[in-house]
Amino acid sequence: MHVSARSGPHRRTAANLSVAAVILSLLVGLTLVASAGRGQAASTLLSQGKAATASSQENGGTPASAAVDGDATTRWSSAATDPQWLQVDLGAVHAVGQVVVKWEAAYAKAYEIALSQDGNAWTTAYSTTTGAGGTETLAVAGNARYVRLTGTQRAMGYGYSVFEFQVYGDTGGSGSNCGTDNAAKGHAATASSQENGGTPASAAVDGDASTRWSSAATDPQWIQVDLGAAMSVCQVVLQWETAYAKAYQIALSNDGTNWTTAYSTTTGAGGTETLTVAGNARYLRLTGTQRGTGYGYSLWELQVHTSGGSTPPVQGGGDLGPNVLVFDPSTPNLQGQLDAVFQQQERAQFGAGRYQILLKPGTYSGLNAQIGFYTSISGLGQDPDDVLINGDITVDAGWNAGNATLNFWRSAENMALNPVSGTDRWAVAQAAPFRRMDVRGGLNLDSASYGWASGGYIADSRISGQVGNYAQQQFYTRDSAIGGWSNGVWNQVFSGVQGAPAQGFPNPTYTTLDTTPESIEKPYLYLDGTGNYSVFVPAKRTNARGVSWANGHTPGTSIPLSRFYVVKAGATAATINAALAQGLNLLFTPGIYHVDQTINVTRPDTVVLGLGEATVVPDNGVVPLKVADVDGVRVAGLLLDAGPVSSPQMIQIGAPGSNVGHANDPTVIQDVYVRIGGAGRAAAGTAMEVDSNDTVIDHTWLWRADHGDGVGWNDNPADYGLVVRGNNVLATGLFSEHFKKYDVDWFGNGGRTLFFQNEKAYDAPNQASVQNGATLGFAAYKVENSVTSHEAWGLGSYCNYTADTSIRQDHGFEVPVTPGVRMHDLSVVSLAGDGEFNHVINDVGPPTVGTATVPSTVTDYP
């Protein structure tokens, strides 16, 4: 509801404001007294009077600056939408220990506090979904120049409103334990230039105050020192010769490539300057941007002081840990070892075991590798045919009486098969991709007893025989070559597939696109030409058709394992983030990893690759994984499993308001799954949020659990599956199910989806619980009214309202009526009449009727 005049909590008389001011003055005093006893890190109010910015303001009388002016009668208030943020620049990096938020009546129910040293890379220091308003005193910890409050859920219909946003900390940056030893002395130094042979960079770190570095007489110029290991920097002392810098900055780095500004000034005075600089770094760089004289820059000494000694840099490479099983054709009892893993994992739907099976190049005979839960099998060749199995890679459903609809979380990749019977069996459901496989025969997608199946995904694979679909309700195949395809239940989609059946929707149920507009294959581990492990990162193809390896090696780049932090049992989020800060990529070995802070990926072209369904669980409601608004990040092969304290998002790509284009080098998300519940009580706001433009989502399953432990309407709450705010986002193989509101909510322009599978939440207790204003039910796939361009092919939504079978959905799909929004091959299905759809899309398409489980379809809209 929109109102033109604010009422309720924001309408006050002068008398009321006067009384409020007195009360708040007392509260301020009490808060300051309480804060003073909380330890040294929260002793000084750092934010008052500093520069503040915000995502919006309600009107001219409620600016961001009003929240840091020390006046408890003035306030910042935002527009009445989510999310909104308020940010203060402390002017320099400080050790922050406490934040006090003094809310007006319009407070945040869900919000987070984030810290940054440069205003670009952010670390979540506090988050909650149970904000209570009033005065909230929050313990935070970290070195930061910028502190941001982001509200994600308002407690009422107004915007967010804050009387005072107070940040307390230690003006000494890293505290009072700053040492006096010069960590830079005698270490390697480099510079952008030197005036002559007698003024090298090394002269500024030799401990001799009679020697100096001096630069060419141009701007900018820099000098850099390598401390030899990551250290906690707390102070920098500059001893200038007469030719000093008027404007300069100090930057820190762990890898010598990615830099964070820790100090900057435009009023340098020369002489000896002692600067508070806080951060963990191996490299420190001084960059002068404006000279104080007509000469170059000239330094007698550049001294770096540290606290707490050095932190050894995180090492890349190493072994792959105990849950990665590496075999070659001569491995004794290879079949027995495969069988032992399967026996453990066959029924372990919510178990803790995680395994990656790796096969070295060669020929394997007589094998039947049965693949259970949380098990991945991959060849270690650069191409699929480097590993040839005269045998089978099998997924069946004997454990579940032939019903394959629960065969989740497993994969096969990068091998060639000669099936014993001529046909391999891959009876799977969601989150079970079949990638880069060369099957020299047929492929059966159903169980041996031909029960129900509910998958699945094939990409970059060649299957010379026929693919038997049988009871698979839906399936997506991308950029492959097949000998044929039999049958179809509700929704079979093909893009860029040689040999695919012709377009036939709704009868037969085939949606066929000749090419895939953008195709970027998943990174994979292999043995390079030297016999060492590397990760191959395939290049982007446009208008792709057929396998990427048809004419030789897949195009792309190879990254040695030494440039990856190999994440194994015992790894902490802090160590993972330190590795990322050093410029390392991440290789998660099979396991379950609890993280107490967000894993922040901020470097362009970083690779984050999981083996064996590696699982990341957030503690205390943090967002487990965030990717900055940068080019070319690859995230693949991870299961993000929500914890009992609600996380605002489980994975976030970019940040709200991102406006940078990444079309030439997009971020790609592949085989990344989100689970909320099933393994225990869990909660999240949104499973996946994409704010970066041009992102490619290639196979994801976002699942609010409908069975397992901790499952119930109020036991595993999650409102949204996928929220897309970025423009030109492409989704190929999108599965999102059972969320309480929209399973997909699309705000960005230029979006495209090839294949979508959905089930509405089974456990909605009644019609009122899913009422969306005047609309019955929340659509499975919602394109917001502000969108002017969007296109999607092959979308299906099913309802199975088992808690109240009388619930009705007005439609499965909801889009704006505009020429630029086009939808193709849509179906809705009522499973046995447990709930019904009134229409397919908007008010178009026939209703579902009765218990026969017959789809209602629309071929093109509008």
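## Cavities, aromatic pairs and a parallel sheet

The second largest cavity is lined by F739, K740, K741, K760, A761, A764, V770, F778, Y801 and Q809. The structure is a predicted model, and every value below is computed from it. By class, six residues of this lining are nonpolar, one is polar and three are charged. The volume of the second largest cavity is about 50 Å³.

**Enclosed and open spaces**

Five cavities of 30 Å³ or more are present in the structure. The largest cavity has a volume of about 180 Å³. Its lining comprises 22 residues, of which Q356, S378, E413, K522 and G610 are the closest to the centre. Nine nonpolar, nine polar and four charged residues make up the lining of the largest cavity. Seen by secondary structure, at least two lining residues come from each of β17 (355-359), β19 (375-379), β21 (410-417), β32 (524-527), β40 (607-618), β42 (634-641) and β44 (668-676). Strand β40 supplies the largest share, with five residues.

Among the open spaces, the second largest pocket has a volume of about 390 Å³. It is lined by 20 residues, and those closest to its centre are T405, Q473, E759, Y762 and L831. The lining of the second largest pocket divides into nine nonpolar, eight polar and three charged residues.

| Space | Volume | Lining by class |
|---|---|---|
| Largest cavity | about 180 Å³ | nine nonpolar, nine polar, four charged |
| Second largest cavity | about 50 Å³ | six nonpolar, one polar, three charged |
| Second largest pocket | about 390 Å³ | nine nonpolar, eight polar, three charged |

**Aromatic contacts**

Across the whole structure, 34 aromatic pairs are found. One of them joins W426 and F434 in a tilted arrangement, with 5.1 Å from centre to centre and 50 degrees between the planes. W426 has a relative accessibility of 0% and therefore counts as buried. F434 is likewise buried, because its relative accessible area is 0%.

Two arginines are placed over tryptophan rings. R148 lies over the face of W85, at 4.1 Å from the ring centre. R285 lies over the face of W222, and the corresponding distance to the ring centre is 4.0 Å.

**The parallel sheet**

Strands of a sheet pair through backbone hydrogen bonds, in either the parallel or the antiparallel sense. In this model, an open sheet of eight strands runs in the order β39-β41-β43-β45-β47-β49-β53-β56, with parallel pairing. Strands β39 (599-601) and β56 (813-814) form the edges, each pairing on one side only.

Notes. Residues are numbered from 1 along each chain as its sequence is written. This is a predicted model: local features need pLDDT of at least 70, side-chain atom pairs count only at pLDDT 80 or more; totals for chains, interfaces and linings use all residues. Side-chain values use heavy atoms; hydrogens and water are left out. On a 1 Å grid over the protein atoms alone, a cavity is a set of points where a 1.4 Å probe fits but cannot get out, and a pocket is an open set with protein on both sides within 12 Å along at least five of seven lines; lining residues have an atom within 4 Å of a point. Grid points are joined across faces, edges and corners, and a volume is the space filled by probe spheres set on the points. Ala, Val, Leu, Ile, Met, Phe, Trp, Tyr, Cys and Pro count as nonpolar, Asp, Glu, Lys and Arg as charged, and the others, Gly among them, as polar. Helices (H or I, at least four residues) and strands (E, at least two) are DSSP runs, numbered from the N terminus. Rings of Phe, Tyr and Trp (its six-membered ring) pair if their centres lie within 6.5 Å; planes under 30 degrees apart count as stacked, over 60 as edge-to-face and the rest as tilted. Buried means under 20% relative accessible area, exposed over 50%, partly exposed in between (1.4 Å probe, protein chains only). A charge sits over a ring if NZ of Lys or CZ of Arg is within 6 Å of the ring centre and within 35 degrees of the ring normal. Two strands pair if DSSP finds at least two bridges between them.
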